[in-house]
Amino acid sequence: QVQLVESGGGLVQAGGSLRLSCAASGRTFSSIAMGWFRQAPGKERQFVAAISWSGNSRDYADSVKGRFTISRDNAKNTMYLQMNSLKPDDTAVYYCAARNSRVLGSSLHEYNYWGQGTPVTVSS
């Protein structure tokens, strides 16, 4: 089992930045791949970014490439999402996820554990 707790969400103006954190406990953090997803009101949950167990492999949704950076600190059992140049379309609840694999994944069904989500609102 893996328990995930997100933090760092909030209200920011367009063009601003936020850094989300995901603290993990339970299974050995360094042996699992992680990801970020988001869900806007009335829409399906969608992939944002993913990172392999070592941090050497990363993947991003086209909509966030060049603006968001995913990273992890295995010594602190924590994953991060640095979000820059935020747009109103980035407004959503952001979820941290973990999967029972060292290889990153970009689909919802590939992930076994989920956090409770942290809301991000970008005002225009």
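**Entry 1: strand 8 and its partners**

I began with strand 7 and strand 8, which run antiparallel and are joined by six bridges. Two strands are taken as paired if DSSP finds at least two bridges between them. Strands here are DSSP runs of E with at least two residues, numbered from the N terminus. The model is predicted, with pLDDT of at least 70 needed for local features and 80 or more for side-chain atom pairs to count, whereas totals for chains, interfaces and linings use all residues. Residues are numbered from 1 along each chain as its sequence is written, and side-chain values use heavy atoms, with hydrogens and water left out.

I noted that strand 7 and strand 8 form a hairpin with four residues between them. In the turn, Asn 77 has a positive phi of about 55 degrees. Across this pairing, I found Ile 70 opposite Leu 81 of strand 8.

I then looked up strand 3, which is also joined to strand 8 by six bridges in an antiparallel arrangement. Here Ala 23 has Thr 78 of strand 8 as its bridge partner.

**Entry 2: the nonpolar core**

I looked up the largest nonpolar core and found 36 residues in it. Such a core is a set of buried Ala, Val, Leu, Ile, Met, Phe, Trp, Tyr and Cys residues joined through side-chain atoms within 4.5 Å. The residues with the most contacts inside this core include Met 34, Trp 36, Leu 81 and Tyr 94. Among the strands that each supply at least two core residues are strand 1 (2-7), strand 3 (18-26), strand 7 (68-73) and strand 11 (118-123).

Setting aside residues up to four places away in sequence, Met 34 touches Leu 4, Cys 22, Ile 70, Met 79 and Cys 96, among others.

**Entry 3: salt bridges**

I recorded four salt bridges in the structure, each defined as a side-chain nitrogen of Lys or Arg within 4 Å of a carboxyl oxygen of Asp or Glu.

Asp 90 pairs with Arg 38, the closest N and O atoms being 2.9 Å apart. This pair links distant parts of the chain, 52 residues apart: Asp 90 is in the loop between strand 8 (78-83) and strand 9 (92-99), and Arg 38 is in strand 4 (residues 33-39). Both ends are buried, Asp 90 at 2% relative accessible area and Arg 38 at 6%.

Asp 62 and Lys 65 meet at 3.2 Å, N to O. Asp 62 is exposed at 65%, and Lys 65 is partly exposed at 48%.

Glu 110 pairs with Arg 99, with closest N and O atoms 3.8 Å apart. Glu 110 lies in the loop between strand 9 and strand 10 (113-114) and Arg 99 in strand 9, so the pair ties together parts 11 residues apart in sequence. Glu 110 is partly exposed at 25%, whereas Arg 99 is buried at 13%. I also noted that salt bridges with shared partners join Arg 38, Arg 67 and Asp 90 into one network.

**Entry 4: Ser 52**

I placed Ser 52 in the loop between strand 5 and strand 6 (58-60). Ser 52 is buried at 6% relative accessibility. A polar atom of the Ser 52 side chain lies 3.5 Å from the backbone nitrogen of Asn 56. Leaving aside neighbours within four places in sequence, Ser 52 is in contact with Ala 33, Ser 57, Arg 72, Arg 102 and Leu 104.

Note on methods
Buried means under 20% relative accessible area, exposed over 50%, partly exposed in between (1.4 Å probe, protein chains only). Contact means heavy atoms within 4.5 Å. A polar contact is a pair of N or O atoms within 3.5 Å; within protein, one must be able to donate a hydrogen and the other to accept it, and residues adjacent in sequence count only if both atoms are side-chain atoms.
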